[in-house]
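Here is a short walk through the model, with the chains taken in turn. Please keep the structure viewer open as you read.

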Amino acid sequence: MSEIHVPARPGGRVALVQGGQTFGSLTNLVSGITEASTPKWWWPAFLTSLTVLSVGVGMAAYLISTGIGVWGLNSPVGWAFDITNFVFWIGIGHAGTLISAILFLFRQKWRTSINRFAEAMTLFAVACAGIYPLIHLGRVWLMWWLFPAPNANAIYPNFRSPLMWDVAAVSTYAIVSLLFWYVGLIPDLATLRDRAAPGLRQRIYGFFALGWRGAARHWQHYEMAYLLLAGIATPLVISVHTIVSMDFATSILPGWHATIFPPYFVAGAVFSGFAMVLTLMVPSRVIFGLENIVTTRHLENICKILLATGLMVGYAYSTEFFIAWYGGNPYERFTFMNRAFGPYGWAYWVMVTCNVLSPQIFWFKKARTTPWIMFVISIFVNIGMWFERFVIIVTSLHRDFLPSSWGMFVPTWVDIFEFIGTFGLFFTLFLIFVRFVPIVALSEVKAVLSDQNHEMQHVERAAS
Amino acid sequence: MKSATGAIARFDSPDHLMSAIRTLREAGFSEIEAYTPFPIHGIDEALGRQRSKLPWVVLVGGLFGAISGYLVQWYLSVVEYPLIVGGKPYDSREAWIPITFEMTILFAAFSAIGGMFLFNRLPRLHHPLFDVPTFSRATNDGFFLTVRIFEVPQDRQAISELLASCGGHDVTTLDMED
Amino acid sequence: MKVSSNDQLSVPRPRGWRLLFGLISLSLGLGLLSMLGLASNQRQFGFSYLTGFTFIASLGTGTLFWIMIHHITDAGWSVVLRRLLENYSKSLPLLLVLFVPIVMNAELVYRWTTSVEESVLAKQSWLNLPFFAIRGAIYLLIWSGLAWWLATTSSRQDATADPASSKRMQGASAPGLIVLALTTTYASFDWLMSLEPTWSSTIFGVYFWAGSIVGSLALLTLAILGLHAAGWLRNTIRTEHLHDLGKLMFGFTIFWAYIAFSQYFLIWYANLPEETSYFIARRTGSWNGLSWSLAIGQFLVPFLLLMPRTFKRNAPILGFAAAWILLFHYVDMYWLVMPTLHSEGVRVHWLDLTIPVAMLSGTLALTTWLSLGKPLVPVGDPRLSESLAFHSS
C-alpha cells in the first residue's frame with residue numbers, strides 16, 4: 001500500500017476521502033463489492049460460521065429440552081455465563097448506535113465511512129444478546145409472560161422489575177436500530193437497483209429501495225428524519241445499558257448496588273463496541289480495498305475513543321474501590337477485596353490489564369496508526385470487557401452473606417459451546433451482510449467528498 | 001392524475017445544478033425538482049422550500065408513547081390487579097419511568113420513519129422518471145433537474161436550450177404527473 | 001476568511017475600566033456586607049460560604065473542562081468562543097484564597113471534624129482537617145496551573161500563529177482531562193459529600209461534574225450575550241455559534257437529569273437505610289418542594305426552552321434559558337449543602353444571596369482585568385477561519 005500524498009486542508013486536517021475519488025468511482029468501489037462474483041474465501045468462511053452457529057443451536061435445543069441444570073449455574077451463583085454473555089453482546093452493539101447517532105449529532109464526518117458497518121454490527125450483536133434472556137427462561141414457551149398480557153391467574157407482569165424494563169429497552173433498541181439502519185440503506189439500495197441489469201437482482205433491490213429517486217423533497221424529509229432518529233437513538237442507547245446496569249444496581253448486593261453503574265456501564269459498552277468495530281474493520285478494509293475511504297485517520301480516531309472510554313471504565317473501577325473503603329460497609333469492603341484477591345482474583349486482573357492497561361499504548365501515535373497493533377489491542381479489550389461482566393456478576397454472587405452459602409462457579413461444556421455458538425450467529429449474519437448490502441454509507445461519503453471538494457476549491461482560490 | 005409535460009436535464013456537479021436552479025427560478029419557473037445522489041446543502045432554500053414539518057409528527061408520536069406507556073403500567077399495577085412486590089407501593093411512580101421512556105422513544109421513532117415515508121409518498125416502486133434512460137445516474141453521479149413546461153409561454157425547444165445553456169446534458173422531455 | 005474588520009474584537013479600555021470598577025465595587029461591597037453575617041451567625045456563614053464556593057469552583061472547573069475538550073477533539077466551530085473560556089479560567093487561582101475560610105470554618109460545617117461516632121472515626125485517615133486542607137490546595141493548584149498554562153499558550157499563539165501551539169495544547173489536554181476528572185471527583189467528595197460523613201455514592205463526582213459543565217456553558221452564553229449587547233464580537237460569534245451552545249446546554253441538561261435520576265432512583269429502589277437518609281432529608285417538609293423545583297428548574301424548564309430550534313437561535317430566549325440554568329445550578333449547590341444545616345426546612349438567609357454574587361463578580365472582575373486590551377478571540381488559531389465560517393444546522 002503506497003503512501004498517498006494528501007494535501008493539507010484548512011486547520012491542517014487530513015482528507016477523509018483519499019486517492020482522488022470521484023462520485024462515480026465511489027459508487028463503483030462500494031457497489032462493486034456486492035456485484036462482483038463471490039470471493040473465494042467467502043464460502044469457507046460462511047460454512048464455518050454456519051457450523052459454529054449450528055453448535056449453538058444444538059446447545060440451545062439441549063438446554064430447552066433438558067432444563068437449565070445443564071449449565072453450571074447453582075446456588076449461590078444463579079447468574080453467570082448467560083447474563084455475562086448477554087451484557088457482553090449488547091454492549092458491543094452500542095458502538096454502532098454511538099457512531100450513527102451521537103457522532104452524527106456532534107458532526108463527526110469521519111463516521112460516514114464506518115457507520116453502516118458498525119450499525120450492522122449492532123443489529124447482529126443485539127440478536128446474539130437476545131438469545132440469552134430467552135433460553136435462560138428455561139421454559140421459553142412462556143416468554144409471553146414478559147409482555148403486558150395476563151397469565152393464567154390473570155396476573156400481569158411486575159413493571160417494577162428491572163427485567164421487565166430490560167425487555168422494553170432491548171426490544172425497543174432492536175427495533176429502532178433496525179429501522180435506523182434500514183432508513184440509512186434506502187438511497188444506497190436505490191443505487192444498487194439502478195446499476196443492476198433487468199432481472200431478479202434489480203427487482204429485489206428495487207423492492208427494498210421502495211422507489212427512492214433522490215428528489216430534493218425526499219432528501220429534505222429524509223435528512224430531517226435522520227436527524228430526529230439520531231436525536232432519539234442517542235438517549236435510547238444510553239438508556240439501554242443504563243437499564244442493563246439496573247438489573248444489578250437496583251439490588252442490595254454488595255458489588256452490584258452502586259450508583260455509578262449506569263454511566264459506568266454505558267462507557268464500558270461503548271468501549272467494548274469500538275473494540276469490536278476495530279476487530280472487524282482492520283481486516284475488512286484490506287479485504288474489500290476500502291483504504292481510501294476507511295483511512296488511517298478513521299482508525300486513529302477509533303483508537304482515541306478506545307483510550308478515552310478505557311480510562312472512563314478505569315475511573316469507575318477506582319471510584320468503586322475508594323467508595324467501598326470510604327463507605328465503611330464491611331460487606332462492601334470484603335466484596336471488593338475478594339474481587340481483587342479472592343479465588344477469582346485472576347479474572348479481575350485480566351480485566352484490569354486488558355481494559356485499563358492495554359489501551360494505554362494508544363498514547364503513542366505509532367500504535368494508533370499501525371493496524372496490527374490496534375487489532376491486537378482490540379482483541380484484548382474484547383476479552384477484558386467479557387471478563388468485566390464476569391467479574392461483576394460472579395464475584396459478587398459467589399461469596400454470599402453467610403460463609404456457609406459460599407460457592408464457586410465452573411462453566412459446563414454447554415455454557416462454553418453456547419457462547420461459542422453466538423459467535424457463529426454473529427459471523428453468519430455478518431458474512432451475509434458484506435455480501436449483499438453496501439457496507440459503506442455511499443450517499444453520506446459522497447456528501448463528505450462534495451464538501452471536501454468545496455474546501456479544496458477555497459484553498460486553491462486563496463493560494464492563487 | 002393529470003399529465004403535464006416537463007423537461008429533464010443532467011448536470012455534472014452540485015454547483016452546476018445549483019446555478020441552473022437559480023437561473024430557472026429567475027426565468028420564472030417555480031415547479032422545479034432536483035434529483036441527486038446525496039443531499040445538497042442549501043438546495044431547499046434555492047428551491048424555495050420550507051423546513052420539514054417532521055419534528056411535529058415526532059413530537060406527537062413521542063407524547064403518545066409516553067402517555068400510553070405510563071398509563072398501561074399504572075392501570076395494570078394500580079387498578080387492574082394491585083400487588084405488593086418488593087415492598088414497593090402499588091403506584092411506584094419512579095419505577096414506571098424506564099418503560100415510559102422506552103415507549104416514548106419507540107413511538108417517536110415509528111412516527112419519524114412513518115412520517116418521512118408519508119411526506120415523501122413512499123414506498124412507490126415505479127415512477128415515470130425511471131423510464132428516462134439516463135435517470136439511473138441520479139443515484140450514482142448525476143445531478144438531475146426537472147421542470148414543468150407549461151407554466152410560462154415557452155416552447156419545448158426554448159426550455160431545452162435554456163437547460164443546455166446552464167450546463168445540462170441529456171436534455172429530454174417527459175410526461176410529468178401531478 | 002478573516003475576522004471581520006468592522007467588529008470590535010477587544011474591549012476598549014475606557015469601557016473596560018468602567019466595567020471592572022463596577023464589578024470590583026459589587027464584589028467588595030457584598031463581600032464586606034457578608035462579613036457582618038460572619039460576625040452575627042458564623043455557622044450560617046460557613047454553610048452559605050461553602051455553597052457559594054462550590055458554585056464558583058464548579059464554574060471554574062466546568063470552564064476548564066470545555067477548554068480542554070475543545071482542544072482534544074480538535075474542534076473547529078468553537079474556536080471563536082475559546083478565548084472567553086480561557087480568560088474566565090484564569091480566575092481559578094482566586095479560589096486558592098477563597099478556600100482559606102472553608103478550612104477556617106470547617107469545624108462548624110463538617111461534622112467529621114469533631115464527631116466521635118465509630119463509623120466516622122473509621123474514616124479518620126481520609127477525613128481529617130490537615131489532609132482535607134492539603135488535598136483542597138492540591139486540587140486548586142492543579143486547576144490553576146492547567147488553566148494558566150493553556151490560556152497563556154493560547155495568548156502567545158495570537159502573535160506567532162504557530163500551528164504547533166495548537167498541537168501542544170491538544171497534547172496537554174489529554175492528561176489534563178484525566179487529572180481534572182480525578183480532582184473534581186475528589187473535590188466534590190471532600191467539599192460536598194463529606195457534609196454527611198456516613199453517606200456515600202459512587203456517582204457523586206459525576207453528578208457534580210454534570211452540573212458544572214451545564215453551569216459553565218450557561219455562564220459562557222450569558223457572557224457572549226453581554227458582549228453582544230455592548231457591541232462587541234457581534235460579527236464574530238454569530239447566531240450559528242449560539243445555536244450550538246444552545247444545543248450543548250440542551251444535551252447536557254438532559255445528561256445532568258440522567259445522572260441525578262440514576263443516583264436518586266438506585267437509592268430509592270434499593271432502599272438501604274444508610275443511603276436513603278440523604279434523600280429522606282431532601283424529601284421531607286419544604287426540602288421536598290425544593291427537590292421538585294430542582295427537577296423542574298434544572299431539567300424540565302431548560303429542556304422545553306431549548307428544544308425548539310427557533311428558541312435556540314433567539315438571543316433573548318437563549319439568554320433567559322442560560323440565566324435560568326445558572327440560577328438553578330446555584331440552587332443545586334444549595335440543595336447539596338443546606339439540608340445539613342437546616343434539617344427543619346428550607347431557610348434562605350441573605351448571605352445565600354450576597355456571598356455567591358460577591359464571589360462571581362470577583363472572578364468576573366479578575367477575568368475582565370486580565371483580558372483588557374487583548375483580543376477576545378484566538379486570532380492566531382489555524383482553525384479560526386473554519387470557526388468564522390461555521391454553519392450550524
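What share of the contacts in chain A with a separation of 6 or more comes from residues 24 or more positions apart? Such residues account for 80% of those contacts, where contact means heavy atoms within 4.5 Å.

## About the model

This is a predicted model, in which local features need pLDDT of at least 70, side-chain atom pairs count only at pLDDT 80 or more, and totals for chains, interfaces and linings use all residues. Residues are numbered from 1 along each chain as its sequence is written, chains are lettered from A and ligands numbered from 1 in the order in which they are written, and side-chain values use heavy atoms, with hydrogens and water left out.

## Chain A as a whole

Chain A is built with 15 helices and 0 strands; helices (H or I, at least four residues) and strands (E, at least two) are DSSP runs, numbered from the N terminus. Its radius of gyration is 24 Å, close to the 23 Å that the globule rule gives for 464 residues, so chain A is as compact as a globular protein of that length. That radius is taken over C-alpha atoms, and the rule is 2.2 Å times the number of residues to the power 0.38. The C-alpha atoms of chain A fill a box of roughly 80 × 50 × 40 Å along the principal axes.

Of the 464 residues in chain A, 62% are buried (buried means under 20% relative accessible area, exposed over 50%, partly exposed in between; 1.4 Å probe, protein chains only). The chain exposes about 17000 Å², with 71% supplied by carbon and sulfur atoms; these areas come from the Shrake-Rupley method with a 1.4 Å probe, and for residues only the protein chains shown count as cover.

## Loops to look at in chain A

The loop between α2 (42-66) and α3 (81-105) of chain A holds A:Pro76. The peptide bond that joins A:Ser75 to A:Pro76 is cis, with omega near 0°.

Two residues have a positive phi although neither is a glycine: A:Ala154, at about 65°, and A:Leu210, at about 60°. A:Ala154 sits in the loop between α4 (115-136) and α5 (162-195) and is partly exposed at 38% relative accessibility. A:Leu210 sits in the loop between α6 (200-209) and α7 (216-249) and is buried at 11%.

## Chain B

Chain B has 5 helices and 4 strands, in the order β-α-β-α-α-α-β-α-β along the sequence. Its radius of gyration is 25 Å, whereas a compact globule of 178 residues would have one near 16 Å. The C-alpha box is roughly 80 × 30 × 30 Å, and 49% of the residues count as buried.

Another cis peptide bond runs from B:Leu122 to B:Pro123, with omega near -5°. B:Pro123 belongs to the loop between α4 (93-120) and β3 (143-148) of chain B.

## Cysteines, and a threonine in chain C

There are 0 disulfides over all chains, a disulfide being a pair of cysteine sulfur atoms within 2.5 Å. For A:Cys354, the nearest cysteine sulfur is that of A:Cys303, 16 Å away. A:Cys354 is buried at 7% relative accessibility, and B:Cys166 is buried at 12%.

In chain C, take a look at C:Thr276, which lies in helix α11 (residues 273-282). C:Thr276 is buried, at 11% relative accessibility. Leaving aside its neighbours within four places in sequence, C:Thr276 is in contact with C:Ile267 and C:Asn271.
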